[in-house]
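The following paragraphs lead the reader through one protein chain, from its overall make-up to individual residues. Please keep the sequence and the model in view while reading.

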Amino acid sequence: MKSFIIVLAVLVAVILSVAIFLIFLKAYQGHNRFFLYLRYKFFKNKNNRKKYDTYYSAKPRYLSPCEEDYFIKIKSLIRRNYFIFPQIPLSQIIEKHSQSNYKTELFRVIDFCIFDENYFPLLCIEINDTSHINKSRVKRDLKVSEILKSAKIPLLVLWTYDGTDDNYIKKSLKPFGVL
């Protein structure tokens with residue numbers, strides 16, 4: 001009988017502890033980092049998260065498989081003293097000269113940029129698939145093209161339906177003198 005009472009007392013203590021924890025968790029509603037972490041840990045289901053809960057996670061890949069194929073092919077074809085970097089924001093290679101301080105149009109990202117040995121941008125490359133036929137993408141692509149043209153940085157557009165054939169890529173890169 002004594003052991004039953006002890007077990008019952010421990011069980012009541014655990015239930016009360018959990019209840020108090022849940023009350024605190026509800027009371028803070030994500031405003032405290034510790035409780036936000038606990039809510040994320042115990043309520044991983046997205047349906048249980050509040051709209052204002054913010055959390056981050058690493059993407060599984062930096063480049064899509066298609067972009068990676070193009071990156072490897074282009075890297076193998078360009079001159080040894082040139083560098084190719086993927087996913088370059090225009091703001092990293094272009095300086096805006098304007099009365100306005102807003103540079104939001106430079107937050108657009110170009111798929112690849114080839115640089116010389118002094119890291120001067122020689123050529124920007126966009127890999128386009130069928131999504132670039134959409135009106136919003138056409139508008140975005142046109143703006144990127146205008147910005148690069150104004151900055152005197154050439155743009156090469158490669159279409160995925162042409163594939164990652166070495167000859168196609170080499171033929172496309174040849175006029176830009178990067179081979």
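The protein chain exposes about 13,300 Å², of which carbon and sulfur atoms supply 59%; accessible areas come from the Shrake-Rupley method with a 1.4 Å probe, and for residues only the protein chains shown count as cover. This is a predicted model, in which local features need pLDDT of at least 70 and side-chain atom pairs count only at pLDDT 80 or more, whereas totals for chains, interfaces and linings use all residues. Residues are numbered from 1 along each chain as its sequence is written, and side-chain values use heavy atoms, with hydrogens and water left out.

Of the 179 residues in the protein chain, 28% are buried, that is, under 20% relative accessible area, with exposed meaning over 50% and partly exposed in between (1.4 Å probe, protein chains only). The chain holds five helices and four strands, arranged from the N terminus as α-α-α-β-β-β-α-β-α. These elements are DSSP runs numbered from the N terminus: helices (H or I) of at least four residues and strands (E) of at least two. Among contacts with a separation of 6 or more, 55% join residues 24 or more positions apart, a contact being heavy atoms within 4.5 Å.

The axes of helix 3 (residues 65-77) and helix 5 (residues 166-173) come within 10 Å and cross at roughly 60°; axes are lines fitted to C-alpha atoms, for helices over the stretch in contact, and angles run from 0 to 180 degrees between N-to-C directions. Helix 3 and helix 5 are therefore oblique to each other, the class left once angles under 35 degrees (roughly parallel), over 145 (roughly antiparallel) and 65 to 115 (roughly perpendicular) are set aside. Helix 3 contributes Tyr 70, Lys 73, Ile 74 and Leu 77 to the contact, and helix 5 contributes Asp 166, Tyr 168, Ile 169, Lys 170 and Leu 173.

Strand 1 (residues 83-89) contains Pro 86, which counts as buried at 14% relative accessibility. Beyond its neighbours within four places in sequence, Pro 86 is in contact with Tyr 62, Leu 63, Phe 71, Asp 111 and Phe 112.

Gln 87 is also placed in strand 1. Although not a glycine, Gln 87 has a positive phi of about 55°. Most residues other than glycine have a negative phi. Gln 87 is partly exposed, with a relative accessible area of 22%. Lys 152, in the loop between helix 4 (135-150) and strand 4 (155-159), has a positive phi near 60° and counts as exposed at 73% relative accessibility.
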